[in-house]
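Have the model open as you read.

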Amino acid sequence: MANFTEKAIKESFIRLLNDMPLTKITVKDIVEDCGINRNSFYYHYQDVPSLLNQIIVEQAEHLIRDYPSVEYIENAMDETIDFFLNNKNACLHVFNSVSRDVFEQHLARVCEDSIAKYIDTVFPDMTLSEDDRRILIGFLKCEFFGVIINWMNGGMKTDLKAETRRFFKLLPMLMKNMLELSDKVLDK
């Protein structure tokens with residue numbers, strides 16, 4: 001029963017979040033929407049921010065868990081973009097709220113995890129020191145994170161899937177050139 005109630009609460013919250021800003025949503029709105037009493041809500045969540053935090057954490061964990069290796073990083077990115085597009089207003093309401101920091105923290109984590117898996121999957125035989133690997137992952141994580149943040153700042157109006165697909169076609173060549181150049185520079 002608890003799983004059913006938690007699911008109903010989350011679905012109601014996301015539905016409401018697609019219709020109104022986060023600051024306007026109350027526990028009363030959520031319980032009325034999903035047909036439960038306030039005690040049931042408070043049994044599962046301390047307040048609306050704790051509910052939001054759990055949803056963000058679960059989405060991040062879902063993306064990380066579902067892609068144990070990333071041969072085609074665009075698959076992980078597509079799923080992230082699809083979630084944003086399917087919940088566009090909700091995502092923009094969270095992005096433009098006081099909970100933006102929680103959202104950004106977990107988005108950065110998903111970006112870093114995807115990049116690390118991509119590098120380990122596509123370039124398993126490349127000899128990279130831990131420092132070089134960390135630097136490369138950090139740089140590319142910031143690039144992907146920045147692209148998503150920029151897209152959201154622009155109201156999610158451009159076709160980010162098309163843009164990232166083009167970038168991902170260029171990425172292996174870019175990565176190979178960066179790694180080859182790194183080896184040449186480090187050998188001197």
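## The second largest pocket

The second largest pocket comes in at a volume of about 160 Å³. H8 and H9 are the elements that each give two or more residues to its lining, and H8 gives the most, with four. Among the lining residues are Leu-128, Phe-139, Met-178 and Leu-179. By class, the lining splits into six nonpolar, one polar and one charged.

A pocket here is an open set of points on a 1 Å grid over the protein atoms alone, where a 1.4 Å probe fits, with protein on both sides within 12 Å along at least five of seven lines; lining residues have an atom within 4 Å of a point.

## About the model

This is a predicted model, with local features needing pLDDT of at least 70 and side-chain atom pairs pLDDT 80 or more, while totals for chains, interfaces and linings use all residues. Residues are numbered from 1 along each chain as its sequence is written, and side-chain values use heavy atoms, leaving out hydrogens and water.

Leu-179 sits in helix H9 (residues 160-187); helices are DSSP runs of H or I, at least four residues, numbered from the N terminus. Leu-179 has a relative accessible area of 5%, so it is buried (under 20%, with a 1.4 Å probe and protein chains only). Leu-128 is 51 residues away from Leu-179 in sequence, yet their C-alpha atoms are 8.4 Å apart.

Met-156, in the loop between helix H8 (130-153) and H9, has a positive phi of about 60° without being a glycine. Met-156 is buried too, at 3% relative accessibility.

Methods: Buried means under 20% relative accessible area, exposed over 50%, partly exposed in between (1.4 Å probe, protein chains only). Grid points are joined across faces, edges and corners, and a volume is the space filled by probe spheres set on the points. Ala, Val, Leu, Ile, Met, Phe, Trp, Tyr, Cys and Pro count as nonpolar, Asp, Glu, Lys and Arg as charged, and the others, Gly among them, as polar.
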